[in-house]
Amino acid sequence: MLLLLCGGFAAAETLQAIRFAGNDTTRPEVMLQEMSIGVGDPLDLALIEDSRQAIMDLGLFKAVRAELLQEPEGAALLITVEEKWYILPIPRVGVRADGEADYGMELRFDNLFGLNQRFKLEYITKDSVTTDAPLRRELFVGYTYPRIIGTPYQLDVSAGHVTREQRQLDDGGEEIGLYRQDSRSLRLGLYRWQRVSGPSRGWRYGGGIGLQQEVYQHLDGAAVPYQDASNVQVNALVEFVDVREEQYRRRGRAYGYSIELGVPQLADFSYNRHLLYYRRYLPLDDQRSNINYRFQLGLANGEAFGSRAWSLGGSTSLRGYEGGYVAGNAMLLNNIEYLFPLSGYRQLRGVLFSDIGSAWPGVMEMDLGDLKVSAGVGLRWKVQLFVDVTIRLDFAWGLEPETQMTYLETSTMF
């Protein structure tokens with residue numbers, strides 16, 4: 001929403017001051033570096049609106065208003081924001097249809113120190129209430145600085161630790177041993193926006209390094225059937241981002257290419273993975289209706305830790321199918337959603353969706369006649385009080401196994 005008081009402004013007048021209101025937490029420099037217009041520039045209504053939208057695109061505010069004021073010193077631009085809450089604890093408790101239960105806590109700090117830094121801590125325990133599936137504990141810590149103040153750079157750091165108690169079975173299905181598997185990971189990434197100043201849109205590129213380790217500990221019975229192993233990988237990314245945040249939806253597009261290479265000189269695996277992707281958020285005439293879709297093509301050669309590069313199934317890829325329903329070193333996936341208003345409550349929308357894709361052992365085995373299809377309905381509730389929180393409830397039907405899955409998440413599909 002842009003409010004301009006234009007009376008008394010000369011056509012060639014320059015902007016003499018920029019002020020902010022409502023930003024009790026967010027520092028002015030976070031918003032200033034997103035703006036297309038600065039002090040001393042000629043007044044340009046298009047650049048003022050572009051700056052207002054760029055501040056809204058940060059995702060930190062419920063609303064942003066721009067207002068031109070005539071002051072004794074000259075024209076002043078007042079940016080008024082409505083801040084969201086920046087601390088979000090999310091209890092994780094649930095039991096799925098397959099009998100697996102998970103419980104724990106996710107804690108997010110958005111806009112840390114008022115600098116749009118983001119910190120996430122997640123601890124989850126997964127167990128089965130109906131089967132002998134092994135106990136699994138997951139710890140994840142992540143930190144992101146989307147744009148370091150005064151620079152065009154983004155920093156990402158994350159670490160994870162997964163512990164599993166694994167049973168070793170003989171040919172008849174009898175337990176003959178028990179061992180513990182610890183999976184540890186550390187990732188570091190640095191990315192650069194092509195444009196040095198102005199909105200965080202357009203091309204960006206960069207890369208990073210990742211370390212993974214699998215360690216096995218004998219607990220009982222037969223010897224552990226696996227050896228400890230480690231992986232060192234380097235990755236690179238180039239992508240174009242032009243996605244705008246509105247109060248109740250997104251609009252715009254993003255596409256790119258990423259590559260990941262195993263480094264056998266430093267660890268145990270040699271492989272390469274390539275991913276091409278495209279996302280589109282297409283607004284319709286109604287202010288709350290959208291058609292959103294995502295396309296992904298993944299190709300890989302070689303493996304790490306004996307696992308295929310991609311697996312599909314679950315709430316973030318192929319809904320209606322169990323997690324890991326298909327896996328392989330070649331992958332194709334398309335997700336499409338139609339979102340529409342349900343009532344006068346603008347944050348709540350319905351959705352019709354379909355997911356189509358599959359994974360194959362390799363590129364030469366890809367068969368477009370063997371695609372898995374699902375369809376479903378759901379609800380989306382955009383919680384404006386918190387940063388990047390959309391309650392997503394999906395009911396999905398997998399057509400091949402004739403299964404029905406229900407998902408409840410706190411983020412959008414893509």
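Me: What is the strand order in the open sheet of 3 strands?
Reply: First, the ground rules. This is a predicted model, with residues numbered from 1 along each chain as its sequence is written. Local features need pLDDT of at least 70, side-chain atom pairs count only at pLDDT 80 or more, totals for chains, interfaces and linings use all residues, and side-chain values use heavy atoms, with hydrogens and water left out. Strands are DSSP runs of E, at least two residues; helices are runs of H or I, at least four; both are numbered from the N terminus. Two strands pair if DSSP finds at least two bridges between them. Here the order is β1-β3-β2, and the pairing is mixed.

Me: Why is one side of β1 and of β2 left without a neighbour in the sheet?
Reply: β1 (15-21) and β2 (61-71) stand at the edges, so each has a single partner strand. From one strand to the next, the twist averages 20 degrees.

Me: How many bridges join β1 to β3?
Reply: There are 6, and β1 runs parallel to β3 (residues 74-83). Take A17: its bridge partner in β3 is A76.

Me: Which helix packs on this sheet?
Reply: Contact means heavy atoms within 4.5 Å. Axes are lines fitted to C-alpha atoms, for helices over the stretch in contact; angles run from 0 to 180 degrees between N-to-C directions. Helix α2 (residues 45-57) touches β1, β2 and β3. Its direction makes about 150 degrees with that of β2.

Me: Where do side chains point in a regular strand?
Reply: They alternate between the two faces of the sheet.

Me: Which strands are joined by 7 bridges?
Reply: β20 (residues 390-398) and β21 (residues 403-409), which run antiparallel. R392 stands opposite E409 in β21. The hairpin has 4 residues between the strands, and E402 takes a positive phi near 55 degrees.

Me: Is L371 buried, partly exposed or exposed?
Reply: Buried means under 20% relative accessible area, exposed over 50%, partly exposed in between (1.4 Å probe, protein chains only). L371 has 30% relative accessibility, so it counts as partly exposed. L371 lies in the loop between β18 (348-360) and β19 (372-382).

Me: What is L371 in contact with, leaving aside its neighbours within four places in sequence?
Reply: L332, I356, G357, S358 and W360. I391 is 20 residues from L371 along the chain, and their C-alpha atoms are separated by 29 Å.

Me: How exposed is V234?
Reply: V234 is partly exposed, with a relative accessible area of 33%. V234 is found in strand β11 (residues 229-245).
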